[in-house]
Amino acid sequence: MNKKVMTIIIAALIVVVLVIGGFMLFGRSRSVGLDSSIENKDGGVGKTTLDSDRVLVVYFSETGNTQKLAQEIYEQVGGDIRRIEPVKPYPTGQELFDYTKEERDNNERPEFKDLNINLDDYDYIFVGYPMWWYTLPMMMYTFFDIYDFSGKTIIPFNTHEGSFDGGTYETIKEFEPNATVLDGLPIRGGDMSKDQTDTVKEWLKGLGLDEKN
Ligand SMILES: Cc1cc2nc3c(=O)[nH]c(=O)nc-3n(C[C@H](O)[C@H](O)[C@H](O)COP(=O)(O)O)c2cc1C
């Protein structure tokens, strides 16, 4: 092997080491769906970069199903996660049904504890909730009253026992006309005892928001 070839091989090795080192150093920059070219539903091609530093997963969950889904999404997209917790705890069992029906019939706005977030810090907000009485829990009405999502992207998800999203994604669009609301993910609460990793993965892919690298 002559000197010239040796020099080329050594130079190539240095480049490989630098590239791998760079990935190891910056691999935790928590960038998601790196500039993935995606095919939009209308046939156009879009480019979506989801920087997980700008991602928030926020959810309300009374009996844990939506929480499981929120955790799965969070594991795949990164960012921050917050649970919406009522100031006044809800009753359990049958009482929960009676209490929340009245809450909905009276169009109440139950308070929730401080989420300790500044929405300015986020561009992509995954918002999760269970179906309650064919709509969002009134706690979520409070949530959308308080926060202004203008210019943000909302990605809804919910659990249910038969209503799917029950038109709530459209309701969110009406609440937040100046936000972009992407296609949501409804999963049956009973199915949250099974692994939903792939379902979430496929959904995110369909939105052009790949999971955390
Ligand atoms: C008060 C109440 C009302 C509900 N209303 C509906 C409904 O209208 N449609 C539906 O599909 N499921 C309904 N469900 C089922 C929940 O949406 C489902 O169990 C969900 O997974 C609960 O989520 P969580 O465990 O995160 O609280 C209701 C459950 C409760 C407790």
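Let me start with a term. A residue is buried if 20 or more other C-beta atoms lie within 10 Å of its own. Keep that cut-off in mind. The model here is predicted.

Now, strand β6. It covers residues 153–160. T153, I155, F157 and T159 point one way from the strand. I154, P156, N158 and H160 point the other way. Both sets are buried. That is 8 of the 8 residues, so β6 is largely enclosed by the rest of the structure.

What does β6 pair with? Start with strand β5, residues 124–130. β5 and β6 run parallel, and 7 bridges join them. β5, helix α4 and β6 make a right-handed β-α-β unit. Helix α4 is residues 138–146.

Next, strand β7, residues 180–181. β7 pairs with β6 over 2 bridges, again in the parallel sense. T180 in β7 stands opposite T153.

Then strand β8, residues 185–188. β8 and β6 run parallel, with 4 bridges between them. Here L185 stands opposite F157.

Let me stay on F157. Its place is in β6. Is F157 buried or exposed? Count the C-beta neighbours inside 10 Å. There are 23, so F157 counts as buried. Now its contacts, leaving aside neighbours within four places in sequence. F157 touches L69, I73, F126, G128, G184 and L185. L185 is also the residue opposite F157 in β8. F126 and G128 fall in β5, residues 124–130. L69 and I73 fall in helix α2, residues 65–77. One distance as well: F157 and P130 are 27 residues apart in sequence. In space they are 8.7 Å apart, C-alpha to C-alpha.

That brings us to the helix packing. Two packed helices are described by the angle between their axes and the distance between the axes. Take α2 and helix α6, residues 197–207. Their axes come within 10 Å and cross at roughly 55°. That makes α2 oblique to α6. The crossing is right-handed.

Which residues of α2 and α6 meet? From α2, we have E72, I73, Q76 and V77. From α6, we have T197, V200, K201 and L204. Note I73: this residue of α2 meets α6, and I73 is also in contact with F157.

To recap. β6 is buried along its 8 residues. β6 runs parallel to β5, to β7 and to β8.

Notes. Residues are numbered from 1 along each chain as its sequence is written. This is a predicted model: local features need pLDDT of at least 70, side-chain atom pairs count only at pLDDT 80 or more; totals for chains, interfaces and linings use all residues. A residue is buried if 20 or more other C-beta atoms lie within 10 Å of its own, exposed if 12 or fewer, and partly exposed in between; C-beta atoms are placed from the backbone. Two strands pair if DSSP finds at least two bridges between them. A crossover is right-handed if, with the strands pointing away from the viewer, the path from the first strand over the helix to the second runs clockwise. Axes are lines fitted to C-alpha atoms, for helices over the stretch in contact, and angles run from 0 to 180 degrees between N-to-C directions. Angles under 35 degrees count as roughly parallel, over 145 as roughly antiparallel, 65 to 115 as roughly perpendicular and the rest as oblique. A crossing is left-handed if the near helix is turned anticlockwise from the far one by less than a right angle, and right-handed if clockwise. Two residues are in contact if their C-beta atoms, placed from the backbone, lie within 7 Å.
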